[in-house]
Every structure is written in structure tokens, then in C-alpha cells.
There are 2 protein chains.
Amino acid sequence: MRKLTSTNAINEASLVRNCGVVYALTLIGGRWKPTLLFSLLGGTMRYNQLLKSIPGISERMLAAQLRELEKDGLVKRTVYAEVPQRVEYELTALGMSAAPLLRTMSEWGNSLRERP
Amino acid sequence: MRKLTSTNAINEASLVRNCGVVYALTLIGGRWKPTLLFSLLGGTMRYNQLLKSIPGISERMLAAQLRELEKDGLVKRTVYAEVPQRVEYELTALGMSAAPLLRTMSEWGNSLRERP
DNA sequence: TCTCATACTTACTTTTTTGTCAGTCCCTTA
DNA sequence: TAAGGGACTGACAAAAAAGTAAGTATGAGA
């Protein structure tokens with residue numbers, strides 16, 4: 001749970017306000033978010049499909065990160081009135097707009113990995 | 001302190017290994033790192049100068065984030081044999097190479113901020 | 001010897017994030 | 001009536017990140 005009046009929260013809020021990078025990090029910086037975004041760049045996926053395709057992720061974290069991405073408008077969640085239940089996740093236009101950024105980050109990261 | 005055998009650490013390590021984005025986030029994702037990088041993009045700065053120019057940062061966090069940036073090769077620390085002590089921080093070539101990425105992130109972040 | 005400036009450390013607490021795991025809800029078919 | 005699939009949720013615990021405050025190191029000059 002977040003404590004809005006902690007120094008930590010206040011510092012973070014102020015950094016987010018003043019810095020687009022920090023704000024971007026709140027959107028894509030969660031433990032499993034880059035992986036989720038990459039998965040969804042490949043197309044729409046169901047909850048269980050994501051769960052099985054991402055090694056190590058727990059249901060709680062999957063649901064939590066998806067909820068955040070949805071709240072931030074990067075991901076759209078669609079429930080189909082079927083049995084058994086079917087819920088699909090896909091990137092919104094905003095989510096798609098992260099693709100170039102993810103690519104840039106990935107390239108920069110990988111280039112820094114290979115060094116003496 | 002880090003506990004190398006926690007599920008958390010294992011998950012993180014595996015994500016870092018498989019994903020350049022996650023690796024990039026370990027380099028620039030700390031609370032104060034984007035701000036520090038932006039400050040240092042403006043040129044060499046001393047410890048106290050950074051401390052005073054970044055509202056809210058504590059000495060512990062400043063020193064810690066600088067040490068991480070230095071360990072990762074993004075920042076160079078130079079000690080001058082003077083009295084009183086003088087320590088300067090500047091970006092390395094690797095640190096400079098983050099500039100386009102920071103700009104991209106900043107633009108993406110700021111563009112997402114303005115929405116209905 | 002005492003104080004000063006600069007640049008940190010260290011020990012400890014609080015806050016936040018992540019992980020574990022059992023339980024829920026909604027129908028449907030046996 | 002029970003079992004089953006799919007998609008979660010909740011309570012609690014562990015780990016990690018961040019914050020607080022006081023202390024250390026160094027040599028210079030009063």
C-alpha cells in the first residue's frame with residue numbers, strides 16, 4: 001500500500017512532475033512490464049497464455065502489472081462472455097507508441113552489455 | 001542488502017539476461033539516476049554542487065547512486081589532492097551515449113502526460 | 001590543539017515492491 | 001451434485017529500495 005505523505009512518495013511525485021524520463025519509468029518500469037509489452041507487441045494474448053509464456057511470473061504479479069498497464073492506458077482488457085471465461089489483452093495505440101522507445105532502450109542496453 | 005538466492009533476485013537476473021530493456025533499467029532506473037545524468041550532461045560537477053542542485057536528495061542517496069553509475073561505467077569520479085577536498089563527477093563516453101535514450105524517454109513520457 | 005570545509009559512511013527505520021499460496025467466481029458438462 | 005477450466009483476488013511474508021541522522025576522514029590554517 002502506498003503512503004502518500006512519505007518522503008519517498010513526495011520525492012517520487014516531484015521527480016515525476018519534473019522529468020519525463022521518470023514519468024516514463026513509472027509507466028514501463030515495473031519488474032515484468034517490458035516483457036509484457038514485448039509479448040503484447042506480438043499481438044493479442046489471453047491471461048493464461050501470458051502466464052505460461054513468461055517464465056517465473058506469478059499470477060499476482062501478472063494481474064497486478066496488467067492492471068497498471070491498463071490503468072495507464074497502454075493495454076486494453078477485453079472480457080468475452082463465454083464459458084470458460086476468456087479475457088484478452090492487447091496494446092492500445094499508446095502502448096504501441098512505446099515500441100520505438102523499447103527498441104531504443106533494448107539496443108542501448110545490449111550495446112552496453114558487450115564491453116571489456 | 002541483496003540476497004542472491006531470492007526468487008526476486010533470480011527473476012530479475014533472468015530478465016536482465018534476456019532483455020536489453022530490463023538491463024538498461026538497471027543502469028538508469030534508480031530513483032535519482034535520470035536527474036543525475038541530466039545534471040552531468042550539463043558538464044562536470046562536484047559532490048556538493050550536485051547535492052545542492054538536486055532538491056530532496058539525501059547525501060546517502062547521492063553517494064549511492066553516483067557509486068552505482070560509476071561502477072556501471074556511466075560516470076567518472078575524480079579526486080583532486082586539494083584541501084578542502086575536491087571530487088568531481090562527469091559522464092564517461094558510455095554515460096554520454098545515454099543522452100539520445102534519455103531524450104527519447106523524456107519525449108515519450110511527456111507526450112503521454114498530456115492526454116484526455 | 002581546535003575548528004573548518006568537503007566528501008562521504010554507517011547503523012538503523014520506514015516504505016515499497018515482489019513473492020507465496022490458498023481461495024473465489026462463473027458458468028458448463030458429467 | 002460435483003468437477004473443471006479460466007481468470008483472477010486476498011492475506012501474509014520476504015526482500016529490496018529509500019530515508020534519517022549522526023559519525024568519520026583529511027589536511028589546512030588560526
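1. Of the 27 residues around DNA strand D in this predicted model, A:N11, A:E59, A:R77, A:Y89 and B:K3 come nearest. A residue is near a strand if one of its heavy atoms lies within 4 Å of it. Sugar or phosphate accounts for 74% of the atoms of DNA strand D within 4 Å of the protein, and bases for the rest.

2. Conventions. Residues are numbered from 1 along each chain as its sequence is written, while chains are lettered from A and ligands numbered from 1 in the order in which they are written. In this predicted model local features need pLDDT of at least 70, side-chain atom pairs count only at pLDDT 80 or more, and totals for chains, interfaces and linings use all residues, with side-chain values using heavy atoms and leaving out hydrogens and water.

3. The elements that give two or more residues to the surface near DNA strand D are α1, α4 (47-53), α5 and β3 (86-91) of chain A, together with α1 and α5 of chain B. Helices (H or I, at least four residues) and strands (E, at least two) are DSSP runs, numbered from the N terminus. On the phosphate side, a polar side-chain atom of A:R46 is 3.1 Å from an oxygen of DNA strand D.

4. DNA strand C is surrounded by 28 residues, the closest being A:K3, B:N11, B:E59, B:R77 and B:Y89. Of its atoms within 4 Å of the protein, 71% belong to sugar or phosphate. Polar side-chain atoms approach phosphate oxygens of DNA strand C at 2.4 Å from B:R77 and at 2.7 Å from B:Y89. The backbone takes part at B:Q85, where a polar atom is 3.0 Å from a sugar or linking oxygen of DNA strand C.

5. Composition by class. The surface near DNA strand C has 9 nonpolar, 9 polar and 10 charged residues; the surface near DNA strand D has 9 nonpolar, 8 polar and 10 charged. Nonpolar here covers Ala, Val, Leu, Ile, Met, Phe, Trp, Tyr, Cys and Pro; charged covers Asp, Glu, Lys and Arg; the others, Gly among them, are polar.

6. A:E68 is partly exposed at 35% relative accessible area, whereas A:K33 is buried at 1%. Buried means under 20%, exposed over 50% and partly exposed in between (1.4 Å probe, protein chains only).

7. In chain B, B:E12 and B:R2 form a salt bridge at 2.6 Å, N to O. B:E12 is in helix α1 and B:R2 in the segment before α1, so the bridge ties together parts 10 residues apart in sequence. B:E12 is buried at 16% relative accessibility, and B:R2 is exposed at 59%. Shared partners join A:R31, B:R2 and B:E12 into one salt-bridge network.

8. B:R86 forms a salt bridge with B:E88 at 2.9 Å between the closest N and O atoms, and both residues are buried. B:R86 also lies over the face of B:Y80, 4.0 Å from the ring centre. A charge sits over a ring if NZ of Lys or CZ of Arg is within 6 Å of the ring centre and within 35 degrees of the ring normal. In chain A, the charged end of A:R86 sits over the ring of A:Y80, 4.0 Å from its centre.

Definitions and conventions:
Polar contact = N/O pair within 3.5 Å; in protein donor to acceptor, adjacent residues only side chain to side chain. Salt bridge = Lys/Arg side-chain N within 4 Å of Asp/Glu carboxyl O.
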